[in-house]
Amino acid sequence: MATKILIPTPLRPYTDKQEAVEASGATIGELLTDLTTRHPGLKAHLYNEQGKLRSFVNLYLNDEDIRYLQKEATPVSASDTLSIIPSVAGGSR
Amino acid sequence: MRRSDLGPGVAAAIRRHGEETFPHECCGALIGRDDRVTHAVALPNTTEEGPRRRFLVRPSDYQMAEKQASALGGELLGFYHSHPDHPARPSQFDLDHAWPNFHYVIVSVMAGVSKVMTVWFLKEDRSSFDEGELNGDENPDSHPAASVHG
């Protein structure tokens, strides 16, 4: 079962410049594991050194922030679309 | 060395935004193609951690910036922000939150007046930033004019 994943501009160099790719899995966690297996360059930018999703990486299943669903345990189906949407943050100190 | 070529009016728009929001940080999107920035789009700083030293572009504004880039026939190349009363060098916080492949333009705003402007690119291993070559900014603080003889 393949689910569509939308890739933001800064990560497209790791998906052969594709705006959308497909990955397989029954949950968002499984989907992300398959995604980063197919496109290994994504891993360091999605996950921190502890293997947790970085705080400025937002994942939306269709239009819902997965933090308000079941996070990475959220079930997915082939008709769903997962969007990776950056927050952009910084500061002087 | 990677480079950012700022088109007409882009540097001036970034400087104006940084001065308008001083002593708070400003932020915005850089739109263009390849390494040429044709538009600087001001975005709201939605941080809840103190806008004098932080900025945040929320996901909905990020999406809007990508759509605007497409509408303008370009790509989202990166983001700019200001460092009020601080040098135009990326902080550890900037590094911790950076995205790869983006142009990060920083303008230092000292006592309400924009000064040095720089551009940075995240290293692939996320260990630090590389400074890039910034072109198209006429401000003398960023590009000291050669002395005139004769």
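Two strands are taken to pair if DSSP finds at least two bridges between them, and strands (E, at least two residues) and helices (H or I, at least four) are DSSP runs numbered from the N terminus. In that sense, strand β1 (residues 2-6) of chain A pairs with β2(A) in the antiparallel sense over 5 bridges. This is a predicted model, in which local features need pLDDT of at least 70 and side-chain atom pairs count only at pLDDT 80 or more, while totals for chains, interfaces and linings use all residues. Residues are numbered from 1 along each chain as its sequence is written, chains are lettered from A in the order in which they are written, and side-chain values use heavy atoms, with hydrogens and water left out.

**The sheet of chain A**
- The strand order β2-β1-β5-β3-β4 describes an open sheet of 5 strands in chain A, with mixed pairing.
- Because β2 (20-24) and β4 (64-65) of chain A stand at the edges with a single partner strand each, one side of each is left without a neighbour in the sheet.
- Within the pairing of β1(A) and β2(A), A:I5 has A:V21 as its bridge partner.

**Extent of the interface**
- Contact (heavy atoms within 4.5 Å) involves 31 residues of chain B and 24 residues of chain A.
- The buried area, that is, the accessible area (1.4 Å probe) that two parts lose on being put together, summed over both, is about 2,500 Å² between chain B and chain A, and carbon and sulfur atoms give 60% of this area.

**Polar and charged links**
- The rule for a polar contact asks for a pair of N or O atoms within 3.5 Å, where within protein one must be able to donate a hydrogen and the other to accept it, and residues adjacent in sequence count only if both atoms are side-chain atoms; across the interface it finds 17 residue pairs, both residues being at pLDDT 80 or more.
- For a salt bridge (a side-chain nitrogen of Lys or Arg within 4 Å of a carboxyl oxygen of Asp or Glu), the count between the two chains is 1, and it is formed by the side chains of B:E66 and A:R12 at 3.4 Å, N to O.
- On the side of chain B that touches chain A, β4 (55-57), α2 (59-71), β5 (75-84) and α3 (92-96) each supply at least two residues, and the largest share, 5 residues, comes from β5(B).

**Strand pairing between chains**
- Strand β6 (residues 88-90) of chain A is joined to β4(B) by 3 bridges, and the two run antiparallel.
- In this pairing A:G90 stands opposite B:F55.
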